[in-house]
Amino acid sequence: MKYDLAVTIDKASGFCFGVVYAIDMAEDILDEEEYLYCLGDIVHNDEEVKRLTAKGLRIIDHEQLRELKKEKVLIRAHGEAPSTYQLALENELILIDASCPVVLKLQNRIKNSHDEDEQILIFGKHGHAEVIGLQGQTDGKAIVFQDLAELDEVALPPKFTLYSQTTKSTDKFYHIKDELISRGYDVKANDTICRQVSNRYGDLEKFVVNFDKILFVSGKKSSNGKVLYDVCKKYNDNAYFISTIEEIDLNWFSAQDKVGICGATSTPMWLMEQVKAKLESY
């Protein structure tokens, strides 16, 4: 049976400028040199990481970084804590700093708040690279939480400053802020969510309603992928989350379905084009 699917890729999907900047930097160096170390996955997309490691990108963790001397190391868009820069000085490492400007600005704001002795709360994902870098600006003193229930276990001061990881849901951030204020806390709230992520909510909402089925393509580690997929699912119940073309299930489709493809800020356009080609082959 020929499915004859009509497939459209969302033009607003794909890499944000922070990811483009980091990947361009890595590719420019790998065009000239045999290899380049990168501290952590350059982007939360396994397929793109595979493509770049084939070109000579070597992904390392913080333990491996300690062993390196006099090497070039890329700092990815998520940013790093001050301790990483200190280690680089001690080990005579050359840092290629591709920290996203939005993340750097947030790091500076959190550091300033910490220097003014404010208690800081960060709405973010535990263990996420960006969040570790943010917490590092406070000598590890900021309270990180993923949802309000976690704060029930914490003795909060009457007054504190609230920040957010840049890729969190704007709606959830404001819900948390309002809820904490309603509980009687004096909350100085800073909406530090990247508009390249939050502006996609409206774009996706308009895009997904035009199709019978939606394939949302994203790495499973991507924080904004989770947020943006939730937006798709809210406005089109026939939305499916995939990370590779192997995860496509023919049973999702009927003949002549109109299918929309969209993705996270860490999803490469080439991967969405692969998905489109696969669907059109059915």
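Here is a short chat about a sheet and a helix pair in a predicted model.

Colleague: How do you know that α5 and α6 are roughly parallel?

Modeller: Helix α5 (residues 101–115) and helix α6 (residues 129–136) pack at an angle of about 30°. Angles under 35 degrees count as roughly parallel, so α5 and α6 get that label. Their axes are 8 Å apart, and the crossing is right-handed.

Colleague: Which residues make the contact of α5 and α6?

Modeller: On α5 they are V103, L106, Q107 and I110, and on α6 they are E130, G133 and L134. That contact divides into four nonpolar residues, two polar and one charged. Gly counts as polar here.

Colleague: Over to the sheet. What makes β10 and β11 a pair?

Modeller: Pairing takes at least two bridges, and four bridges join β10 (residues 213–217) to β11 (residues 239–242). The two strands run parallel, with V217 opposite I242.

Colleague: And what makes β10 and β12 a pair?

Modeller: Five bridges join β10 to β12 (residues 258–263), again against a cut-off of at least two. One of the partners there is K213 with V259.

Colleague: Why are β1 and β11 called edge strands?

Modeller: The open sheet has the order β1-β12-β10-β11, with parallel pairing. β1 (6–9) and β11 each pair on one side only. Neighbouring strands are turned by 25° against each other on average, direction ignored.

Colleague: Where does α10 come in?

Modeller: Helix α10 (residues 223–235) makes a right-handed β-α-β unit with β10 and β11. The helix lies across β10, β11 and β12, at about 160° to β11.

Notes: Residues are numbered from 1 along each chain as its sequence is written. This is a predicted model: local features need pLDDT of at least 70, side-chain atom pairs count only at pLDDT 80 or more; totals for chains, interfaces and linings use all residues. Side-chain values use heavy atoms; hydrogens and water are left out. A crossover is right-handed if, with the strands pointing away from the viewer, the path from the first strand over the helix to the second runs clockwise. Axes are lines fitted to C-alpha atoms, for helices over the stretch in contact, and angles run from 0 to 180 degrees between N-to-C directions. Contact means heavy atoms within 4.5 Å. Angles under 35 degrees count as roughly parallel, over 145 as roughly antiparallel, 65 to 115 as roughly perpendicular and the rest as oblique. A crossing is left-handed if the near helix is turned anticlockwise from the far one by less than a right angle, and right-handed if clockwise.
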